[in-house]
Amino acid sequence: MDKDLIIDVSDSGVEIALLEDKQLVEFHQEKADKHHLVGDIYLGIVKKVMPSLNAAFVDVGHEKEGFLHFSDLGLKFRKIAKFTRNALNSNTDTNVREANLEKNGQIASVLKQGQIIIVQITKEAISTKGPRLSCEISFAGRFVVLVPFANTISISKKIKELTERDRLKRLINSIKDPESGIIIRTTAEGKSVAELDADLKDLTDKWDNLKKKLSKTLPPAKLMSEVDKSTAILRDFLSGEFNNIYVNQQDTYEELRHYIHSIYPEKGSILKLYKQPTPIFENFNIANQIRSSFGKVVTVRSGIYVVIEQTEALCVIDVNSGNKVKDSENQEENLYIVNCEAAIAIARQLRLRDIGGIIVIDFIDMNSLEHRRLLYQKMEEEMRKDRSRHTILPLSKFGLMQITRHRVKPLIEVNVSEVCPICEGTGKVKSSLAVISDIENDLKYLAQEQNEKHLTIVTHPFVYAYITKGLFKSIRRQWGKKYKVELVASKSDTLGLFEYQFLNRSSEIIKL
């Protein structure tokens with residue numbers, strides 16, 4: 001599968017599109033005035049402890065207080081809390097001893113109002129909810145993730161070969177700090193000890209810098225920022241499948257070139273600076289894909305379409321065969337094909353819009369148990385491409401499929417509509433009688449006040465038909481006699497329904 005990353009940098013921010021075989025599958029936005037928060041580490045102050053929720057609200061300096069549940073404190077919380085107290089007094093020794101936190105404890109027993117703690121944002125603020133916080137801080141690198149105080153080594157489940165898992169575990173065990181834990185990422189498979197050591201050293205330097213900041217920081221305050229969005233996506237996505245990375249701004253190009261050279265020097269040639277005059281998203285047909293993919297109704301192909309209804313916690317998707325040609329002799333097979341094509345499109349939509357929460361899909365009913373089983377397998381296969389945590393349930397007896405999907409950032413909303421030029425977004429238009437009255441008032445003014453004797457009125461074809469209806473009793477003839485003016489009616493498709501113009505004898509537009 002070919003993968004291309006297209007980065008559009010402008011004054012308003014950065015937009016990033018991930019293409020798989022030229023098809024848009026992920027779309028990310030980072031506004032210039034809004035930094036993405038996931039991964040940022042803060043020194044926060046506990047504002048409220050809520051025993052009923054077994055959680056606390058923590059002030060990290062943002063408009064909304066962060067939410068910290070007991071389950072997100074981590075087993076090593078007592079150790080981290082003691083280290084924080086010591087570090088605020090300029091003692092940054094990480095070799096502290098404390099008992100592990102019990103799994104089913106109460107937050108009121110370990111946190112109190114006004115306590116200063118180190119937290120990391122794991123989920124962006126969404127709607128009325130503040131950011132989700134965790135005390136299990138981590139530093140993500142290209143090949144490994146550093147988890148201070150964890151003292152364990154975990155390996156990605158996607159690394160299947162036992163000999164490779166053993167090799168990586170031995171290598172990491174030989175180079176890691178005894179007081180730190182390591183998560184070995186999938187991208188570490190096959191990497192040398194030198195590459196792993198360089199990545200781990202970079203993360204250790206970040207942890208050391210954070211420790212030095214602690215004694216000089218007054219909470220609430222940020223201790224460390226996650227890398228910018230484009231670099232974070234490169235860190236998570238960059239692999240042998242990437243063909244090209246295009247960016248249209250010189251400074252960002254230089255930053256990415258340096259980053260790629262430091263983590264993946266053999267892939268340096270895939271980064272390209274886009275210099276063509278055509279906007280970068282137009283050139284790669286991304287703008288058209290965005291416009292066709294973010295509406296309420298999304299057309300798949302062969303007339304198939306899905307309707308997506310989104311709320312904060314629940315998304316309902318309805319599958320329709322549309323005008324797809326149906327084979328009356330093999331109706332069941334036809335429905336299975338329609339549902340499979342819809343499943344491919346829905347899996348892409350979930351990634352593209354980053355839809356989270358509970359997702360209910362109403363597929364077209366099928367009688368065959370085998371087809372229902374194969375459709376479930378098809379959805380599982382398509383969702384394996386999704387990096388977000390998710391769970392898929394088989395089709396119910398009502399033909400409904402339920403999916404839960406984890407989302408860490410606000411839902412992406414792309415406005416594919418525009419303000420109505422007639423009602424100007426109000427949803428209301430003038431009544432037809434009011435428009436005819438306006439035209440007559442202007443005609444009266446021109447005839448009696450401006451002494452115009454020859455006028456042409458140009459209107460929308462619908463209004464033209466209304467005022468010229470009837471050969472001898474048309475509204476146009478009545479106005480001409482009433483105001484003693486030679487009045488000619490004309491129509492124009494370029495005018496709005498309730499727009500009109502008056503022309504003088506010389507066919508010049510009269511400004512009113």
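These legends go with close-up views of one predicted model. In this model, local features need pLDDT of at least 70 and side-chain atom pairs count only at pLDDT 80 or more, while totals for chains, interfaces and linings use all residues. Residues are numbered from 1 along each chain as its sequence is written, and side-chain values use heavy atoms, leaving out hydrogens and water.

**View 1. Helix 2 crosses helix 3.** The axes of helix 2 (residues 162–175) and helix 3 (residues 193–214) come within 10 Å and cross at roughly 50°. That makes the two helices oblique to each other (under 35 degrees would be roughly parallel, over 145 roughly antiparallel, 65 to 115 roughly perpendicular, and the rest is oblique).

**View 2. Side by side at the contact of helix 2 with helix 3.** From helix 2 come L168, L171, I172 and I175; they meet V193, L196, D197 and L200 of helix 3 (contact means heavy atoms within 4.5 Å). Sorted by class, that's seven nonpolar residues, no polar ones and one charged (Ala, Val, Leu, Ile, Met, Phe, Trp, Tyr, Cys and Pro count as nonpolar, Asp, Glu, Lys and Arg as charged, and the others, Gly among them, as polar).

**View 3. F83 pairs with W207.** Ring centres sit 5.6 Å apart with planes at 45°, so the F83 and W207 pair is tilted (Phe, Tyr and Trp rings, the six-membered one for Trp, pair with centres within 6.5 Å; planes under 30 degrees apart are stacked, over 60 edge-to-face, the rest tilted). F83 lies in helix 1 (residues 77–88) and W207 in helix 3, so the pair ties together parts 124 residues apart in sequence.

**View 4. One aromatic cluster.** F83, F139, F149 and W207 make it up.

Note on methods: Axes are lines fitted to C-alpha atoms, for helices over the stretch in contact, and angles run from 0 to 180 degrees between N-to-C directions. Helices (H or I, at least four residues) and strands (E, at least two) are DSSP runs, numbered from the N terminus.
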